[in-house]
Amino acid sequence: MSQSAPDPLETIVLGGGCFWCTEAVFDRVQGVVDVESGYSNGLTESPSYEEVCSGETGYVEVVKVSFDPSQISLREILEIFFVVHDPTTLNRQGNDVGTQYRSGIYYGSEAQREVAQEVIAEVSRAHGAPVVTEVLPLSSYWPAEDYHQDYFLKHPNQGYCAFVVGPKVAKFQKTFAARVKKN
């Protein structure tokens, strides 16, 4: 008897404001195998954090989320995404302002685009306000510098982490208790 190969991982790239927040949440989601902070859909090659923050490169701060679709669906990933950031504010999440903080879903397949559009329609009705999340094919992706990776895990007491990232993680853990990774 032969064993079937496990389902391949799926990847989606999400922009929901500061990547430290989004990464910290998805690091804790059951079924998520890897999360990497980075920059996507910009105009230059290999941008630096400073260049992205200038707002002149077109890049958005994102996380690349690799997940096992046999454990969690893209729909569930997107439902979490829309709870832990505000998809109705253009180019802003809290005090983080600029095009690099825009809300976005950067897909790799038509099937991902369709799921994103379905979830956005539901979220828009639930919010009673237009969702400004852009849904575009992933046109470029660059990993963020090493010091940005696992930032909340390494610096939980740093001011921004304690007052901005921590509450988003707590909101995820409360709202999606059944989806929190068990260590």
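Contact here means that heavy atoms lie within 4.5 Å of each other. Keep that in mind as we walk through this model, which is a predicted one.

**The sheet and the helix across it**

Six strands form an open sheet in the order 7-6-1-3-2-8, and the pairing is mixed. Strand 7 and strand 8 (141-143) are the edge strands, each pairing on one side only. From one strand to the next, the twist averages 35 degrees. Helix 1 lies across strand 1, strand 2 and strand 3 (60-67), and runs at about 170 degrees to strand 2.

Now look at strand 6, residues 103-107. Is this strand mostly covered or mostly open? Strand 6 is mostly covered, with five of its five residues buried. Ser103, Ile105 and Tyr107 point one way from the strand, while Gly104 and Tyr106 point the other way.

| Strands joined | Bridges | Direction |
|---|---|---|
| Strand 1 (residues 10-16) and strand 6 | Four bridges | Antiparallel |
| Strand 6 and strand 7 (residues 134-137) | Four bridges | Parallel |

Gly104 in strand 6 has Gly15 standing opposite, and in strand 7 the bridge partner of Gly104 is Glu134. Further along, Tyr107 stands opposite Pro137 in strand 7. Strand 6 and strand 7 also belong to a right-handed β-α-β unit, together with helix 4 (residues 110-127).

Next, turn to helix 1 (residues 19-26) and helix 6 (residues 159-175). Their axes are 9 Å apart, and the two helices pack at an angle of about 35 degrees. The crossing of helix 1 and helix 6 is right-handed. Which residues meet there? From helix 1 come Trp20, Cys21, Ala24 and Val25, and they meet Tyr160, Val164, Val165, Lys168, Val169 and Phe172 in helix 6. The residues of this contact divide into nine nonpolar, no polar and one charged.

Finally, compare two single residues. Ser40 lies in strand 2 (residues 32-40). Why does Ser40 count as buried? Its relative accessible area is 0%, and buried means under 20%, so Ser40 is buried. Leaving aside neighbours within four places in sequence, Ser40 is in contact with Val13, Gly58, Tyr59, Val60, Val62, Tyr106, Leu138, Ser140 and Tyr141. One of these, Tyr106, is a buried residue of strand 6.

Ala178 is found in the segment after helix 6. Is Ala178 buried or exposed? Ala178 counts as exposed because its relative accessibility is 61%, and exposed means over 50%.

Notes
Residues are numbered from 1 along each chain as its sequence is written. This is a predicted model: local features need pLDDT of at least 70, side-chain atom pairs count only at pLDDT 80 or more; totals for chains, interfaces and linings use all residues. Side-chain values use heavy atoms; hydrogens and water are left out. Buried means under 20% relative accessible area, exposed over 50%, partly exposed in between (1.4 Å probe, protein chains only). Two strands pair if DSSP finds at least two bridges between them. A crossover is right-handed if, with the strands pointing away from the viewer, the path from the first strand over the helix to the second runs clockwise. Axes are lines fitted to C-alpha atoms, for helices over the stretch in contact, and angles run from 0 to 180 degrees between N-to-C directions. A crossing is left-handed if the near helix is turned anticlockwise from the far one by less than a right angle, and right-handed if clockwise. Ala, Val, Leu, Ile, Met, Phe, Trp, Tyr, Cys and Pro count as nonpolar, Asp, Glu, Lys and Arg as charged, and the others, Gly among them, as polar.
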